[in-house]
Amino acid sequence: MFSEIRRSLRNQWVVLAMTGELDLGTSPMLRQAVVAAVADGHNNLVIDLSGVDFIDSAGLGSVIGALRRVRSHDGHLLLVCSEQRVLRVFEMCDLDRVFTFHVDVDSAVGTPVQV
Amino acid sequence: MTGIVELRVPAVPEYLQMVRSVVGATASTGANLIPERVSDLRLAVSEAATNAMEAHGLSGVEDRVVIRCDLSASQIEVEVADSGPGFDPNSLSPLPDVDSPDRLRYESGLGVSLMHHLTDETIVESHGNGTAVRLIVHFGN
């Protein structure tokens, strides 16, 4: 499956919507999108994983890197994910305790940026 | 259906998706292997193949990574073999607890524990001239 990222601005959040599979081959794409967004002054990000049907630990690593980057700029990161196979990988690594998940983008971007 | 399927792929991450697809398709032909178990095996193989490709990349090895699926009546065994420098699987340090701020400093290090979690047996054999990881899923579990 072809993987890509679309960036949009919703309320005060930049939404990075990823589709495809998130692994060692595609995680640099997410890293670059996060770096670019923060460089543009957007420190409050939503990573939308609704279109991601596979993630492995390399993919998780890129999401961890995104969280570290926005926090280093006093920002916040929210994840959108309702795919059980993807959520389960976060849970197996106990990372569901680290990230804030939303079921859809509307719910995420409705979150005040002062969270 | 029983048999052996073998892949030899360049140590390039773009091949990971193909590796997962072939292993998943092979496992799906096994008797009574539910889709969740196939997904688990695909993830475990992705972890092993990622480590193999990174081992080749770090050491400049140009050999191909070999993925061998051995499908029998009772199980599927997938061996992922590389020609990298090897490592001591007993020397892996646990990651900081997720409640620790230090946890965010680590973007890798989850692969081997995930493989053990996702399979019935994970056997890692590593030497100075390569590593072979055998991932075994029994049918009927």
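The model is predicted, so local features need pLDDT of at least 70 and side-chain atom pairs count only at pLDDT 80 or more, while totals for chains, interfaces and linings use all residues. Residues are numbered from 1 along each chain as its sequence is written, and chains are lettered from A and ligands numbered from 1 in the order in which they are written.

Helices (H or I, at least four residues) and strands (E, at least two) are DSSP runs, numbered from the N terminus. In a regular strand the side chains alternate between the two faces of the sheet.

Strands pair if DSSP finds at least two bridges between them. β5(B) runs antiparallel to β3(B), residues 75-82, with eight bridges; here B:Val78 stands opposite B:Leu135. β5(B) also pairs with β4(B), residues 121-127, in the antiparallel sense over seven bridges, and B:Glu121 stands opposite B:Ile136. A hairpin of two residues joins β4(B) to β5(B).

In chain A, helices α1 (residues 27-39) and α2 (residues 57-72) pack at an angle of about 10°, with axes 9 Å apart. Axes are lines fitted to C-alpha atoms, for helices over the stretch in contact, and angles run from 0 to 180 degrees between N-to-C directions. The two helices are therefore roughly parallel (under 35 degrees; over 145 is roughly antiparallel, 65 to 115 roughly perpendicular, the rest oblique).
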